[in-house]
Amino acid sequence: MTYSEIISKTTEVYVACDIHSFPVNCVEIIESYGYKVYTYSYIKALYPRLYDYCRNYSTDSFKHTGLGCVMYNDACNQGRILFSLAHEVGHIALGHVGEVPEFEDLADAFSGDLLASFIFIVHDHC
């Protein structure tokens with residue numbers, strides 16, 4: 001996947017979710033794809049084994065396609081949380097299924113563009 005394809009996917013998300021301003025609301029975007037969003041502290045209290053599974057996979061966030069949910073570490077700072085949620089939006093929007101190392105870099109690139117789209121920055125003369 002090329003960077004221009006990532007920009008195209010990001011633009012699709014902007015249009016589909018009617019995004020016109022920053023910062024984007026990643027929780028609303030994730031929910032628009034039919035996923036639920038939970039904090040790690042919530043999952044830890046109700047489902048300790050699922051929490052351990054998530055934390056062993058990532059200290060920041062985790063998308064579980066089978067359960068249809070995204071979980072994130074609410075103990076992180078707001079910037080980290082925003083990036084982590086945008087990263088998970090990337091996995092969803094790019095159709096990532098399974099654990100492929102290349103997917104992480106693609107989701108990171110998508111996240112960066114979603115949070116600070118070059119197109120919108122240039123358009124708004126930022």
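Predicted model: local features only at pLDDT ≥ 70, side-chain atom pairs only at ≥ 80, totals over all residues.
Setting aside neighbours within four places in sequence, Lys 36 is in contact with Gly 68, Cys 69 and Val 70. Lys 36 belongs to strand β1, which covers residues 36-39. Is Lys 36 buried or exposed? Its relative accessibility is 52%, and exposed means over 50%, so Lys 36 counts as exposed.

Next, select helix α1 (residues 3-16) and helix α6 (residues 101-115). These helices pack at an angle of about 55°, with their axes 9 Å apart. They are therefore described as oblique to each other, and their crossing is right-handed. To display the contact, show Tyr 3, Ile 6, Ile 7, Lys 9, Thr 10, Val 13 and Tyr 14 of α1 together with Leu 106, Ala 109, Phe 110, Asp 113 and Leu 114 of α6. By class, this contact has 9 nonpolar, 1 polar and 2 charged residues.

Keep Leu 114 selected. Apart from residues up to four places away in sequence, Leu 114 touches several others, including Phe 22, Val 24, Ile 29 and Val 89.

Turn now to the largest nonpolar core, which has 23 residues; Ile 30, Leu 85, Phe 110 and Leu 114 have the most contacts inside it. At least two residues of this core come from each of α1, α2 (26-32), β3 (69-72), α5 (78-93) and α6. Which element gives the most to this core? Select α5, which gives 6 residues, the most of any.

Finally, select Ile 43, Tyr 51, Cys 54 and Phe 62, which are among the 8 residues of a second, separate core.

Technical notes:
Residues numbered from 1 in each chain as written. Heavy atoms only, no water. Helix = DSSP H or I, 4+ residues; strand = E, 2+ residues; numbered from the N terminus. Buried < 20%, exposed > 50% of the residue type's maximum accessible area, 1.4 Å probe, protein only. Contact = heavy atoms within 4.5 Å. Axes fitted to C-alpha atoms, helices over the stretch in contact; angles between N-to-C directions. Parallel < 35°, antiparallel > 145°, perpendicular 65-115°, else oblique. Left-handed = near helix turned anticlockwise from the far one by under 90°. Nonpolar A, V, L, I, M, F, W, Y, C, P; charged D, E, K, R; others polar. Core = buried A, V, L, I, M, F, W, Y, C linked by side-chain atoms within 4.5 Å.
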